[in-house]
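Have the viewer ready as you read.

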Amino acid sequence: MEFFFSAHVDLNDYMDGLFHGPAAHLAQHFAVQPEAGTGISCAELTDPGSLKHLLDAYAYARFRGNDVRSVVSFWSQWYFGFLLPPLLLLANAAQSQVPSNLSSLRLTMNKNGRPDRFQLTDPTVPAAEDCGDVFGRLMPLIDDHLAPLVFSLSARSGVSAKVFWMNAAVVLDYTHHVLLDRKGFDLTQITNSPLKPDGQRNPLFSPYRPSGSEATRTRRICCLRYRLDDVERCLDCSLKPTNGREERPLVLGASEEDLE
């Protein structure tokens, strides 16, 4: 199945007031800046040597002696949590394709090597011909950004690719239900579809186990963060249900106590 995009939009025009309410914290973690700034190109994350260096530095600085697999999964939660919501909110506001080019994004780490800030250097993206075709608007992001990154993370850590895909899927679910408040971009088309439009398996399908209540649902695949020292389990932990806690974390993948 082919998707076509014609006119282009400048995402700079949609940044003002984009991050408010539950998305307010994202303002310090994402910017549209055409000129290349600090950090590294996200394209470097698909290079085994570059990625290994980043992950080793984070593990040494923040989680020395901890399970490396859990460290890498946790690192990816920060990456997805700070990157995907801004891209999705922008595409929703602009009624455009989601930016997907790894080379058009730069990543800056905090002092411990954790993903901290993203910079979109090319804000021009195709407008969506059919705003209701969510798969069409996300397929470049899924195939050209998430797929190579997940492959690289899995290869470097030995963690199943399913863990990283589910970390990303949880962010889509959070963005839809909390940041978009179930309005506009219907991201459940992605998380509720077992297959992609081309008939292949959808790796972002079903991040949560079936549950009669959103407050008691649990992740279908464990993110492994329970093995990390001084890090709280996620509210949707598949090993330890939340027993009715309804609030969601401000930052996906971590609580505010984990910021440093």
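What follows covers a pocket, the cavities and a sheet.

The model is predicted, so local features need pLDDT of at least 70 and side-chain atom pairs count only at pLDDT 80 or more, while totals for chains, interfaces and linings use all residues. Residues are numbered from 1 along each chain as its sequence is written, and side-chain values use heavy atoms, with hydrogens and water left out.

On a 1 Å grid over the protein atoms alone, a cavity is a set of points where a 1.4 Å probe fits but cannot get out; a pocket is an open set with protein on both sides within 12 Å along at least five of seven lines, and lining residues have an atom within 4 Å of a point. The whole structure holds three cavities of 30 Å³ or more.

Around the second largest pocket you will find Gly17, Leu18, His20, Pro22, Ala23, Leu89, Asn92, Val178, Leu179 and Leu180. Helix H2 (68-94) and helix H4 (161-179) are the elements giving two or more residues to this lining. The lining of the largest cavity includes Arg219, Arg225 and Arg233, along with Cys222, Cys223, Cys234 and Cys237.

Now for the sheet: four strands form an open, mixed arrangement in the order S2-S5-S4-S3. Strand S2 (30-32) and strand S3 (40-41) are its edges, each pairing on one side only. S2 runs parallel to strand S5 (residues 115-120), joined by three bridges, and Phe30 stands opposite Phe118 in S5. Strands here are DSSP runs (E, at least two residues), helices are H or I runs of at least four, and pairing needs at least two bridges.

Methods. Points joined across faces, edges and corners; volume = space filled by probe spheres on them.
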